[in-house]
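Hi,

Here is the structure I promised to send over. Have a look at it first, and then read my notes below.

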Amino acid sequence: MRKIEIKVYLICFFLGFIALCSCSSDEKSEVQNADEAISQIVLVFEDSVASRFFKQRKSVFKYMDDNQLPVEIAFNSKEAGSEIVLKTTREFLDLVYRDNSQVEFTYFLQKGDSVLILVKDKKPWLTSINKDNSSYPYNLELLRNTELFGKPHSKVQDFYFLWNETKAFPFELGMNDDLKQIKDEAIQGFERELCWLDSLANTNSFSEEIKAFYTSKNRMAQKKLEAYDPESLDINTQMALNSILQTDNSPLANSVYLDEFSELIITNQTEGESEALIDSLIARGELNSNDKSLLLHYLQKEIPNLSFIEADEVLERYEAKLANPAQMVQLNSSNKALQAIESDIELMGLQKSYSNFEELLDQKKGKFLYVDLWAAWCIPCIKAFPASLALNEAYKSKGVEVIFLSVDDNYKFWEEVAIKYDIAIPELSFVAIKKEESEYLKALDVALIPRYLIFDPEGKLIHPNAPRPDTEEIKLYFNSILKD
Amino acid sequence: MNFFCTTIFFLCVQVALAQNQQTNNISGFVTDKEDSSPVQFAYLYLKNYPDFSALADERGEFKFFFPSQFGDEIVVISSIGFQKLEVPISSLSKTGNTLKLQRQLLSLNEVTVMPEDHSMEEMISKAIDNIPNNYPDKRHQLRGFYRKVSTNYEEFTKLVEAAVVVEDISYLKEGSALRVKLESLRQSDELGEVDSTMTILKQRIREQIKSTGSALGPSNEIIGTYQHNGFRGDAYNSKTWFGKDGDRFMGIPELPTYHKFMGEEIIGKDTIHQIAFSTKDPPNGSSYLKINSRNHAVVEYQISWLSGEYQTFAKFREVDGVYYPEMIRNKELRLINRDVGTHQMDISTFWFDLPKTEDIKKIRAKDALDRDEEVESNDYELDSSFWKAYDLINKHPLDSAIIRSLEKNKSLEQQFKRNAKD
């Protein structure tokens, strides 16, 4: 600590020197700088050890910007600098730290704060440069975990870790009793945390705002945990939703915690449930910040599954209800990018015939194309081939053609596999080569397959994520566009 | 005021950053001394601790990570057709090194002929067909020294050493038939962060696999490491890579395996071919087989999974026309806590003495190590005088850097005592 004070002292000395030199320069810019200094939070690494730690641990900071959109700052890239500047006009901002070791700490920072990032016992440790503070305000959650639980994770994090692993495991693990027990311990942990916060507030270790934030977060986290049922291994979304809608959580407004909670609810709801929820919220009147967060996540989930026209309609319907225009831009960005970009995919057809996607679209002009993206390792893709072939048969005469486009890295064996699964049809079956050179494939993000695209008779992409070939929805969709 | 203050502060920090880089990785190129062309797939390792290794790519470029304690070590660069080069790490910079290898002189009659694709496949197939001929089918015993070091690449967190006798009946039999007798075992304190939640998860997964009746490897790591030995019945009778009915390193069209001939070594009258294989094209050489062209014996292999988080290596030696293991090494992720991204690794190595095939005193069932006995949760009697006299550990002493790291709080002797049966 002593060292830092000396550093700061030295810096201030430099500062005075610089200020002297720059006195004659434009005064206006200094005024601007002063304003900026106030409407931002600055974090800086103490030394290379700290910044190296962040890189090695693949650490991420996450916060909500002033447009209530999440921002993630990762440190694994080479470009990551030694300082982080968070611009905000809000008085307080919560910053969440996560890394490889699956620890999670929320820092509640105030506008104008300058914070030094250290590494202590292999954990991040924040300390103020410009305020005289006890260690509690900035490291509250780390200290809570070590003081109350004697380890870097809280009990509720233990619960979610086991829950997620159990859900992700391909077989049923006999984990119900463990989950039940850890859930009980986590609930006790919340109660202990509340007492702990009280006692710290009584000794003036931190401000009222800090206490209000962490107390609210604690209550909300309890409500959230209640919605997890270790018996059925299901999340009761209605229960979770009630805790967002009915509790007063104003200290948490626009926090990462609430944002992720809304996202969790929407992700776990069916499409119909989400739609009914949004409609009921709008019918109730003016949307508050929590409602708006639910709406944003609903749209984020919904938009990628719609055709461009449908997406525009939905966005138009909800535009006025969103928190700000920036969210609209964000929701629209992926579709906009896809429509603007050239479809620069190099193709190889049967018997090593080369072409590219533009040529193919040109050649097929006048027909709707249903492009089935697949790879040899993707079992669901291969299982859906008969449905795609049937779709091709049923709609051939109506002006729809199905194209099988493999996005496999192993394209050398593509033809063999295509023959094996009866899709080696001339002019309909292709493999993308030189994948990494295609901006279009990057924009489409074909990591997740099966995936289906639809192009109109002009060769323009109209649906970036069409329904699967074996569904009623795809037939309904084709019937509707073919009628026009 | 603050704005300026922090800006200048950043400048200072950035300067400090540039000067204060702690090296635990080096990078650069390996080239041919004669014509400066790149040397492909050169193998780099630490001289006294070859478990830490790296492989240059097809352009000769390498990036070598090692624990920071090894800053004083010597790095060895080896590539077929070139003389081995030894360079102290301290003489290298962090990036942009050029390591020049001297060509090895071949006599005129040793002309290297690159085998064709199908002949590589044939070579591998013959090697698998010949497994029953090349590996032991009679009862034999091997004295073996087992050592496991655990590291999180910042420091070393655990050491287990065991002196054992392995009794194997035949490579055609399943691994459950082999017996391992413990002569002595000692282990250090646990310096890693053990997460009880992870322990619960691992236990439930094991129970689940057991309940489905699937074959589960032994929980005992010592037996597990030996049994991993690629040609034992377990592997030969399965449909895995070394299996007689497996894909023979060929893959299937949906998931093909690619091959690349990496070179050959001439040892006495034998020619050893090295073939790299991978599901990625072209193979980078981290998985390979070395096959003797005389008898199609696999004399060495290394198989890497993921990006090297799991790796198994074995080297064999010929005794009376049969190959016995000389060394087996397994690297795997150490799953003791949720921090699975920082490469916490367990590196288990087995060194073996020459086999004993005659006048064997059989290991009795009651003297054999239990297959499910977990070493780290058990205490064993400590016999310090045994370890002082043990010849195999003298041949493979523990590296001083590892000792320093493990002894940061307490001497290893004290730790061994504390973790032993009273």
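This is a predicted model: local features need pLDDT of at least 70, side-chain atom pairs count only at pLDDT 80 or more; totals for chains, interfaces and linings use all residues.

**Chain A overall**

Chain A has 19 helices and 17 strands. Its C-alpha trace spans about 80 × 65 × 45 Å along the principal axes. Of its 484 residues, 35% count as buried. I also looked at contacts between residues at least 6 apart in the sequence of chain A: 65% of these join residues at least 24 apart.

**A helix to look at in chain A**

Which residues of α9(A) are buried? They are A:Leu258, A:Asp259, A:Phe261, A:Ser262, A:Ile265 and A:Ile266. Looking down the axis of α9(A), you'll see these buried residues fall within an arc of 165°, so they line one face of the helix.

And what do the buried residues of α9(A) pack against? In chain A, their partners are two strands, β2 (60-64) and β3 (70-74), along with the helices α7 (208-226), α8 (237-246), α10 (271-284) and α11 (289-302).

**Domains of chain B**

Over in chain B, there is a split into domain 1 (17-105) and domain 2 (118-418). The C-alpha centres of these two domains of chain B lie 26 Å apart. Where they meet, 13 residues of domain 1 of chain B are in contact with 18 residues of domain 2 of chain B. On the domain 1 side of that meeting in chain B, the residues divide into 6 nonpolar, 4 polar and 3 charged.

Next, follow the strands β16 (residues 298-305), β17 (residues 310-319) and β18 (residues 322-333) of chain B. β16(B) and β17(B) pair in the antiparallel sense over 6 bridges, while β17(B) and β18(B) pair, again antiparallel, over 9 bridges.

β17(B) and β18(B) form a hairpin with 2 residues between them. In that turn, B:Asp320 has a positive phi of about 50°.

Cheers

Terms used
Residues are numbered from 1 along each chain as its sequence is written. Chains are lettered from A and ligands numbered from 1 in the order in which they are written. Domain bounds come from an automatic or database domain assignment. Two residues are in contact if their C-beta atoms, placed from the backbone, lie within 7 Å. Ala, Val, Leu, Ile, Met, Phe, Trp, Tyr, Cys and Pro count as nonpolar, Asp, Glu, Lys and Arg as charged, and the others, Gly among them, as polar. Two strands pair if DSSP finds at least two bridges between them. Helices (H or I, at least four residues) and strands (E, at least two) are DSSP runs, numbered from the N terminus. A residue is buried if 20 or more other C-beta atoms lie within 10 Å of its own, exposed if 12 or fewer, and partly exposed in between; C-beta atoms are placed from the backbone. The arc is that of the directions from the helix axis to the C-beta atoms.
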